[in-house]
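Work through the exercises below with the structure in view. Try each task before reading its solution.

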Amino acid sequence: MIEVRQLTKQYGDFAAVNDVTFVAKPGQVTGFLGPNGAGKTTTMRMLTGYMPPTSGTAIVAGFDVFDKSLEVRRRVGYLPENVPLYRDMTTRSYLQYVGEIRGIRNVRVRAMEVLDRVGLATRANSRIRTLSKGMRQRVGLAQALLHNPEVLILDEPTIGLDPYQVLELRSLVRELGRDHTLLFSTHILGEAEQVCDQVIIINQGTIRAQGSPAALRAEMSRGGRILMRVEGDSQAAATVVRGLSGVGDATVDVLMDGGIVITPSNADIDPRAEIANTVITRGIKLIELRPLAVNLEEIFLELTRQETAQEITEDAATIIDGEEIAS
Amino acid sequence: MTDQSVHIETHEALSREVQTGASFPFWAVFKRELGLYFRSPIAYAIAFAIMFFLGVLINGYLSQGNQQAPADSTYAPLLLVFLLFLIAPLLTMRLLSEEAREGTLEVLMTLPMHESQFIIGKFLAAWAYFTVLLALTLVYHLIMLTVGVPDLGQAFGAYVGAWLYGGAVIAVCMIWTAVTEDQIVAAFLSAATVLVLYLAEIAAIFISSQNPRLAEFVRELGLQAHYNGTLSVGIVRGQDILYFILLIVGALFITTRIVETRRWRA
């Protein structure tokens, strides 16, 4: 269990983490989603007792991270970003070293168990410097799992892995999430959607949204946008739609690939029938007319946007479209 | 199917309650660091250079002495103590700088141990290596025994003194390796600090005519006042032992505090 209340980390005037409040429950995977520099790592560092918060409290595995730092560290497994390891040690001796510091009995046996679990048993006697990036990531994970901690905190565990390793790691995260409190960070949206029971979207140090991927999607798809495709001149078709009375002052944008995005100003109106009717009457060949699927990616971009709304809408729609075609 | 069952077994093994007992983190750190010294070429290079240098000098001393000078076993520890401004920075420069630069310090600092534990572990490893180096020079005592009758009390004082002296200098060098992530900078600043402490006695001579009290104070601060002419000739004074112990404890305390402030800066 991780309970964070109004956690803040201030560097001079700059708030790296600002008033962050959330709960990560046992048996769940909680995903920390945000662009680089959003404050994910800083928050995790505070939760692992590496650095103290400026204000606010965090209770990890039942202990306050500030007052009972050692108790927290006993119960947390932490995989830092970039997976710092001792390159000259062998995989096994590294785990034994960490295990000895943690005071684990039968540390040799335990090290082999964990190595076996992350699929590195055959590389137990290899020097860490000879391992691939993916293997090193797994050594880092083995280090975090060594003492079978209540709470696992993994900072960008899939970064730098090949697609196959990413899938493997995601399924491992899901599995570990069943009997641990698991908090992991990522800036890959699809990953959060696939793996997490709860997603926390963070940007510029503050939480922008949190909830299950499904709940976030439902929340955001109200008053959803419509994507239309026509054969021929998209601009002309857009002009026709703009002139419609029933659309209710919708914003109509034409994408680079010719798709037309219609955003109704009133969420309760579904203007699809009217649009289809008018467009066909005008002799424009309608190919496609459907609600624009809202996925985590779009929610994320919506919540974390820094550029003008227009630009982002176009980009987002293009990305979404591209992904759907690809899949 | 077999794969499946194996998988489930390992998973159960993984989530089994892990037994933990009393832990002495500094001991684990000490073992690792000492092992690193004996597996790295630099430790052997230092030992070779020192022994070669001492060998040449002592050979010259023996041949010049030509059975007229007394057999003196303090020659080797005295030289080693002088060379500490080179040896100690080489031994300590990577101890904390490297951990900070590689990011492994973050892992250490999120393990359940106080900073002082790994700092003491690392310090003891460096001191242990120095102890081995010092023990190697005992060979010259054996050589002296074959050519004459060296004063045993004097030799004992010189060796115990050099051992404490080495510990104090290594502890002082630890401070700089905690301050900077750059090993070269750490080594350079360490060497400069050790030289200043070594030369304090000479500085004291310069200012003694203007301000004898200040001169005495500066002299007492320096390393030489507590070794040269006291321990090195077999005079074991409590104040000298206390000076070295205080230097070790003080320097390690400062190092710990510097590493602690990393939490606030990081």
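The model is predicted.

**Exercise 1.** Find which residues of H2(B) are buried, and state what they pack against.

Solution. Begin with the list: the buried residues of H2(B) are B:Pro25, B:Phe26, B:Ala28, B:Val29, B:Phe30, B:Arg32, B:Glu33 and B:Leu34. Next, look at their partners: these buried residues pack against helix H3 (91-102) of chain A together with helix H7 (115-136) of chain B. Finally, check the length: H2(B) has 15 residues and reaches 21 Å from its first C-alpha to its last, close to the 21 Å expected at 1.5 Å a residue.

**Exercise 2.** Describe the side of chain B that touches chain A.

Solution. Start with the count: 28 residues from chain B and 31 residues from chain A take part in the contact. Then assign helices: H1 (2-14), H2 (25-39), H6 (104-109) and H12 (238-265) of chain B each supply at least two residues of the chain B side. H6(B) gives the most to that side, with 4 residues.

**Exercise 3.** Classify the packing of H4(B) and H9(B).

Solution. First, the geometry: the axes of helix H4 (residues 75-92) and helix H9 (residues 152-179) of chain B come within 9 Å and cross at roughly 25 degrees. Angles under 35 degrees count as roughly parallel, so H4(B) is roughly parallel to H9(B). The crossing of H4(B) and H9(B) is right-handed. Now the residues: the contact includes B:Leu84 and B:Ala88 of H4(B) and B:Tyr165 and B:Gly166 of H9(B). The residues of this contact divide into 16 nonpolar, 3 polar and no charged.

How values were computed:
Residues numbered from 1 in each chain as written. Chains lettered and ligands numbered in written order. Predicted model: local features only at pLDDT ≥ 70, side-chain atom pairs only at ≥ 80, totals over all residues. Contact = placed C-beta atoms within 7 Å. Expected span 1.5 Å × (residues − 1). Buried ≥ 20, exposed ≤ 12 C-beta atoms within 10 Å, placed from the backbone. Axes fitted to C-alpha atoms, helices over the stretch in contact; angles between N-to-C directions. Parallel < 35°, antiparallel > 145°, perpendicular 65-115°, else oblique. Left-handed = near helix turned anticlockwise from the far one by under 90°. Nonpolar A, V, L, I, M, F, W, Y, C, P; charged D, E, K, R; others polar.
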